[in-house]
Amino acid sequence: MSQTQIEMSVDEEKNVFGQMDVHMKKIESRLQVQIHARDGKITIEGDPQGVKEAEGTMQELLSISRRGMEITDQSVDYALSLVKEEKEEEIPVGSLGELQDHPVGFTASGKPVTPKTFGQKKYVDAIRDHMMVFGIGPAGTGKTYLAMAMAIRAFKQEEVQKIILTRPAIEAGENLGFLPGDLQSKIDPYLRPLYDALYQIMGAENFIRNSEKGLIEVAPLAYMRGRTLDNAFIILDEAQNTTPSQMKMFLTRIGFGSKVVITGDLSQKDLPYHTESGLEQALMILKEIEDIGICTLTNRDVVRHPLVQKIVKAYEKYDAKEKYKKEQKNRRRGRS
């Protein structure tokens with residue numbers, strides 16, 4: 001048995017422990033330790049490895065709390081993953097709170113928009129440092145939202161003159177072609193997630209005003225053909241659903257003074273069977289070009305409900321197993 005203590009104020013204790021001690025119960029259950037609070041001191045007991053990991057997790061949560069931020073389920077899950085799983089590069093204990101120090105921007109209600117994981121921070125840094133960035137990762141990793149926040153920041157600071165948001169109009173297994181209404185009402189369902197993010201960060205009135213002036217444009221990818229886009233921040237969302245010719249068309253639209261973010265999830269392609277993804281091809285062709293950043297987010301960077309992270313992880317495990325089965329099958333065929 002091993003034991004260690006951490007000093008913590010009453011207010012910090014409330015935030016770190018969570019309502020009805022829900023956060024502490026999760027840490028105790030995951031790491032097989034016991035945590036007690038008394039007289040401003042938190043005592044952690046258990047086997048040496050569990051105590052070490054619990055202490056590291058608590059320090060990460062404290063670093064968030066001491067910056068006045070509320071600790072969520074996602075914060076606890078990510079703090080646990082930081083200390084429990086092997087890391088490619090060493091991250092100092094207690095540095096999770098530092099992610100809150102440099103907001104990308106603020107929502108219409110004044111809430112700061114910040115990276116929630118170190119993977120997201122690398123993504124934001126890549127957007128800041130490169131003219132073009134590919135953001136690849138599963139649903140819920142903040143690919144589009146953070147890119148949108150960076151676009152609005154660049155627009156407000158007059159680094160670009162306009163924002164262009166686009167995505168291919170591909171149905172996710174459903175045919176919407178016979179829905180009633182004009183062309184715009186048929187297209188809007190595809191673009192709704194982009195509108196939602198814009199409204200949240202910029203505010204509906206501000207968005208409508210800039211949209212009417214032509215300074216913010218939300219349009220299907222097909223509308224980009226024949227245009228040259230200068231001095232703009234351009235986001236291509238759901239890029240896994242582009243064909244190679246669409247991707248090439250988009251990439252050759254980019255003009256001077258522009259910044260481009262291309263986001264996609266290669267595990268959620270809605271293209272017809274056996275159709276190659278333009279995103280997949282572009283990553284292969286452009287990976288050696290120095291001015292292009294490629295940032296890969298994983299299930300650890302999912303910032304939606306913790307259940308989403310588990311779902312993404314389960315699908316990744318399943319896909320890896322199916323890929324292995326296919327490889328083994330192909331090898332057996334090759335031998336015969």
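Leaving aside its neighbours within four places in sequence, with which residues is alanine 149 in contact?

A: Alanine 149 is in contact with Val104, Val113 and Ile201, its neighbours within four places in sequence being left aside; a contact means heavy atoms within 4.5 Å. The model is a predicted one, in which local features need pLDDT of at least 70 and side-chain atom pairs count only at pLDDT 80 or more, whereas totals for chains, interfaces and linings use all residues. Residues are numbered from 1 along each chain as its sequence is written, and side-chain values use heavy atoms, with hydrogens and water left out.

Alanine 149 belongs to helix H6, which spans residues 143-156. Helices (H or I, at least four residues) and strands (E, at least two) are DSSP runs, numbered from the N terminus. With a relative accessibility of 4%, alanine 149 counts as buried; buried means under 20% relative accessible area, exposed over 50%, and partly exposed in between (1.4 Å probe, protein chains only). The C-alpha atom of alanine 149 is separated by 10.0 Å from that of glutamine 200, and the two residues are 51 positions apart along the chain.

Helix H6 also contains threonine 144. This threonine is buried as well, its relative accessible area being 17%. Beyond four places in sequence, threonine 144 is in contact with Leu194, Asp237 and Thr263.

Threonine 166 lies in strand S7, residues 162-167. At 0% relative accessibility, threonine 166 is buried.

Of its 336 residues, 45% are buried. Among contacts with a separation of 6 or more, 70% join residues 24 or more positions apart. The chain exposes about 18,800 Å², of which carbon and sulfur atoms supply 50%; accessible areas come from the Shrake-Rupley method with a 1.4 Å probe, and for residues only the protein chains shown count as cover.

Charged pairs come next. Side chains of opposite charge can pair when their charged atoms come close. A salt bridge is a side-chain nitrogen of Lys or Arg within 4 Å of a carboxyl oxygen of Asp or Glu, and the count by this rule is 13. One of them joins lysine 26 to aspartate 77, with 3.1 Å between the closest N and O atoms. Lysine 26 lies in helix H2 (residues 22-31) and aspartate 77 in helix H4 (residues 73-84), so this pair ties together parts that are 51 residues apart in sequence. Aspartate 77 is buried, at 9% relative accessibility. Lys26, Arg30 and Asp77 are linked in a network of salt bridges.

Another salt bridge brings together the side chains of lysine 121 and aspartate 125, at 3.0 Å from N to O. These residues are 4 positions apart in helix H5 (residues 118-129), a separation of about one helical turn. Lysine 121, at 35% relative accessibility, is partly exposed, as is aspartate 125 at 25%.

Within helix H11, glutamate 322 and lysine 325 are 3 residues apart, about one turn of the helix, and their side chains form a salt bridge of 3.5 Å, N to O. Leucine 307 is likewise found in helix H11, residues 306-335. Leu307, Ile311 and Tyr315 make a nonpolar surface patch of about 330 Å².

As to confidence, pLDDT (the predictor's confidence in each residue, from 0 to 100) averages 84 over the chain, and 88% of the residues score at least 70. Over residues 172-176 pLDDT stays under 50, and the model has 4 contacts beyond four places in sequence for this segment. Where pLDDT is low, the predicted coordinates should not be read in detail.

Conventions. Patch = residues over 30% accessible without salt bridge, like charges linked within 9 Å, V, L, I, M, F, W, Y side chains within 5 Å.
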